[in-house]
Amino acid sequence: MRAIFTCGGTGGHINPALAIAKLLRERRPESEILFVGAERGLETSLVPMDSFKIVTVDISSLRRSLSPGAISHNIQTAMKMSASVRRAKEIIADFRPDIVVGTGGYASFPVVYAASKLKIPTAIHESNAVFGLTTKLLSGRATKVMLSFRESLAQCPDQARAVVTGMPVKNDFILADRKNARRELSLLEGEKLIVSFWGSLGARDMNRIIADFIKLETELRGFKHIHATGGRGYEWMPAYLRDSGVDLEKHQQIDMREYIYDMPRAMAAADLVLCRGGASTIGELCAQAKPSIIVPSPNVADNHQEKNARVLEKNGAAEVILESECTGEKLFGRAMELISDKEQLSKMSNAAADMAILDATQRIYDEITSMVKIG
């Protein structure tokens, strides 16, 4: 089988493509796999780490603004589009794929579009609850539209071609055991654990809010807190806390790190997670049946993080606090109420578990292999 995977921009687009490609390589070692991404995109560094070849097209994002700078940028993007489609056709002609799979990001558009024009089977996967621009443009053209959320079905113009597959999640999250994780983290029987993070870089405003949260929790005992500041946050947050009168050396129950490298274990041990609403995080929360308070990033396309989070909230798996309304006191107060309410945590956990699709990667694999009649 010869397959092209095209993705880019964020982990929520890149990680599903890598998960599917790795399963294809495992099940069908003879397969030829090629990735296509955007020049200077995150995918150009992540994809080779899993020993896949990647080539690029010159494509950029659209800016949702009428400012002179945004208009100029969008004109350049439009000019690049036809050239990127021609480049995609050249890549397809050279590689001769049996199928092209797009998992989001602007690089996906010219590649999936070119493949559809060339009558090659195509599949797209939408990781978020709301269709991104690429999915909107391709959903009426792709052979198969695969969705992470059941709630997204109504957005597909031809639901006969849509299928709910779920969001691929790393096995480390699916297989992590709560009892083992708590023992490895030296948590006492009945001791509560809160895990918080705002992304790999961190978010300055949210880290300031969690600093206020930490100051409040220094007055309490009976639970632990692991917080990941992110790369940028770690540069200033320790000093910021000291200036606020918090000496973390005197509060060993608070574990502030730059990154949580053992996230599957930390999340498995947690009673409550405080986080953003990215697609990968949502999938991980559901896979581990974790109650959460989600503060969606307001700085994302089409406000998709809030829309992801609202799906969990509607199903009873999470609570949502908008960043514009979030303070350290408000976040702390609600977190304390939740971790003290065993019944509510259990309801939220069960709701998250009901939303989980643990075999998402297998479902997507089955879909794409059946499309080329070798599944």
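A289 lies in the loop between α11 and β12, and in this predicted model the residue has a positive phi of about 55 degrees although it is not a glycine. Most residues other than glycine have a negative phi. With a relative accessible area of 16%, A289 is buried, because the cut-off for that class is under 20%.

A positive phi is also found at S186, where the value is near 60 degrees in a residue other than glycine. S186 sits in the loop between α7 (178-184) and β8 (192-197), and its relative accessibility of 51% makes it count as exposed, since that class begins over 50%. The table sets out the accessibility of these loop residues together with that of a serine in a helix, which is taken up below.

| Residue | Relative accessibility | Class |
|---|---|---|
| A289 | 16% | buried |
| S186 | 51% | exposed |
| S84 | 2% | buried |

S84 belongs to helix α3 (residues 68-95), and at 2% relative accessibility this serine counts as buried. When residues up to four places away in sequence are left out of the count, S84 touches V57, D58, I59 and P110.

Helix α14 itself covers residues 342-355, and its 14 residues reach 20 Å from the first C-alpha to the last, close to the 20 Å expected at 1.5 Å a residue. The buried residues of this helix are L345, M348, S349, A351, A352 and M355. Seen down the axis of α14, these residues fall within an arc of 160 degrees, and they therefore line one face of the helix. On the face of α14 turned away from that buried side are the exposed residues K342, E343 and D354.

A further helix pair is formed by α1 (residues 11-27) and α15 (residues 360-371), whose axes come within 9 Å and cross at roughly 70 degrees. That angle makes α1 roughly perpendicular to α15, and α1 passes α15 in a right-handed crossing. On the α1 side the contact is made by A19, I20, L23, L24 and R27, while α15 contributes T361, Q362, I364, Y365 and I368.

Definitions and conventions: Residues are numbered from 1 along each chain as its sequence is written. This is a predicted model: local features need pLDDT of at least 70, side-chain atom pairs count only at pLDDT 80 or more; totals for chains, interfaces and linings use all residues. Side-chain values use heavy atoms; hydrogens and water are left out. Helices (H or I, at least four residues) and strands (E, at least two) are DSSP runs, numbered from the N terminus. The expected span of a helix is 1.5 Å times one less than its number of residues. Buried means under 20% relative accessible area, exposed over 50%, partly exposed in between (1.4 Å probe, protein chains only). The arc is that of the directions from the helix axis to the C-beta atoms. Axes are lines fitted to C-alpha atoms, for helices over the stretch in contact, and angles run from 0 to 180 degrees between N-to-C directions. Angles under 35 degrees count as roughly parallel, over 145 as roughly antiparallel, 65 to 115 as roughly perpendicular and the rest as oblique. A crossing is left-handed if the near helix is turned anticlockwise from the far one by less than a right angle, and right-handed if clockwise. Contact means heavy atoms within 4.5 Å.
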